[in-house]
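I opened my notebook today to look up a few things in this model. Here is what I wrote down as I went.

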Amino acid sequence: MAIKFLAIFVALSGAVNGAFTKRATCADGTQIATRESCCVLFPILKDIQENLFERSQCGEEVYESLRLAVHDAIGFSLSKGPSGGGGADGSIAAFASVETAYHANSGIDDIIFAQAPYIAAYNITPGDFIQFAAAVGVSNCPGAPRLEFFLGRPPPTAPAPDSTVPEPFDTVTDILGRFTDAGFSPPEVVSLASHAIARADFADPTVPGPHSDSNPTIFDSLTKGSFKAAMAKLAVLGQDVRKMVNCSEVIPVPPKIATRTHFPIDITEKDYSIELPNVWDVTDRPTEMTEPFGV
Ligand code: HEM
């Protein structure tokens, strides 16, 4: 009897929830969104997948878009307040002549230039576009988590100051300190900075090729769940989330990964267990094998 009552209750509450989930048909008639304000994103999604990401590839523009999203967002400081930067506000694009001159932003002008026509063509702020492009781009990479996207960042009012973006030759203490000042714990930094889909062209020009990841076309990080959570936090740094709309449903579902996660070269499960006991996803533990560089 109790079970029957429970079943009826579950069925009824499901029906009621369904009845209250309003879905808006977007103006083009082909898309349906839970929230009407998300409709503006569908034409942008189609355009950037076709053109910026060259038919939904997990390629250079994706890596650069993700790096851009981070470099824009990390222009934020809990200790300095507004003078420490506006976070994920698009200032890196709106004040490109200032921010691209910072050493940590070497080479980032390419993607700012590539994204500029889309920001100009659509009714979207630079802050929204930069985070949207990153979330969409990452969805093209097999194995990646489906990132969240919230819409509604106001236009930026000032460039972020220099030295908000950590540099590769900074000490670990300095890098962690910079992220702490933006609100991130060390495990969150590890999850974020996995460079699971990344190349490096400027940091050390004497080393050719993709020397920050052996297989940049798949997202084979050990930290997918925590990467997703930390990216969600990063993408709204400095923003009033209460005034934003959750449009995560517009972000495509990434393809599944064909192989299991691998340890980076020279690293074993023991190293991870000692150094990073809590950051990897137990559902996706890597194999013992390492993957040859350049695959
Ligand atoms: C923790 C501090 C970090 C440092 C010191 C750092 C450093 C670097 C460096 C030196 C490069 C190579 C740039 C080049 O020479 O072309 C790079 C590329 C990249 N970084 Fe980071 N990074 C950090 C955090 C992050 C985070 C948190 C993310 C993402 C969530 C990220 C995503 C990327 C991506 C996608 C690229 C590749 C860009 C491309 O292929 O053009 N980085 N990073």
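At what angle do the axes of helix α6 and helix α7 cross? I looked this up in what is a predicted model. For α6 (residues 109–121) and α7 (residues 126–138) I noted a crossing at roughly 120 degrees, with the axes coming within 10 Å. That angle makes α6 oblique to α7, because 65 to 115 degrees would be needed for roughly perpendicular and over 145 for roughly antiparallel. I also wrote down that this crossing is right-handed.

Next I listed who makes the contact. From α6 I have Q115, Y118 and I119, and from α7 I have P126, F129 and A133. Sorted by class, this contact has five nonpolar residues, one polar and no charged.

I stayed with α7 and turned to its packing with another helix. Helix α2 (residues 41–52) packs on α7 at about 60 degrees, and their axes are 11 Å apart. That makes α2 oblique to α7. The crossing of α2 past α7 is right-handed.

Which residues of α2 meet α7? I found L41, I44, L45, I48, Q49 and L52 on the α2 side, meeting F132, A133 and V136 of α7. The class count here is eight nonpolar, one polar and no charged.

Then I went to the ligand. Which residues come nearest to it? Of the 22 residues around the ligand, I noted Y63, A198, A200, F202 and A203 as the nearest. Two helices, α3 (60–73) and α9 (186–192), each supply at least two residues of the shell. The helix that gives the most is α3, with six residues. By class I wrote down 14 nonpolar, two polar and six charged residues for this shell.

My last stop was R23, which sits in the loop between α1 (2–20) and β1 (24–25). Is R23 buried or exposed? It counts as exposed, because I find 9 C-beta neighbours inside 10 Å, and 12 or fewer is the cut-off for that class.

I then checked what R23 touches beyond its neighbours within four places in sequence, and the entries are I32, A33 and T34. I also jotted down R35, which is 12 residues from R23 in sequence and 6.7 Å from it in space, C-alpha to C-alpha.

Technical notes: Residues numbered from 1 in each chain as written. Predicted model: local features only at pLDDT ≥ 70, side-chain atom pairs only at ≥ 80, totals over all residues. Axes fitted to C-alpha atoms, helices over the stretch in contact; angles between N-to-C directions. Helix = DSSP H or I, 4+ residues; strand = E, 2+ residues; numbered from the N terminus. Parallel < 35°, antiparallel > 145°, perpendicular 65-115°, else oblique. Left-handed = near helix turned anticlockwise from the far one by under 90°. Contact = placed C-beta atoms within 7 Å. Nonpolar A, V, L, I, M, F, W, Y, C, P; charged D, E, K, R; others polar. Near = placed C-beta within 6 Å. Buried ≥ 20, exposed ≤ 12 C-beta atoms within 10 Å, placed from the backbone.
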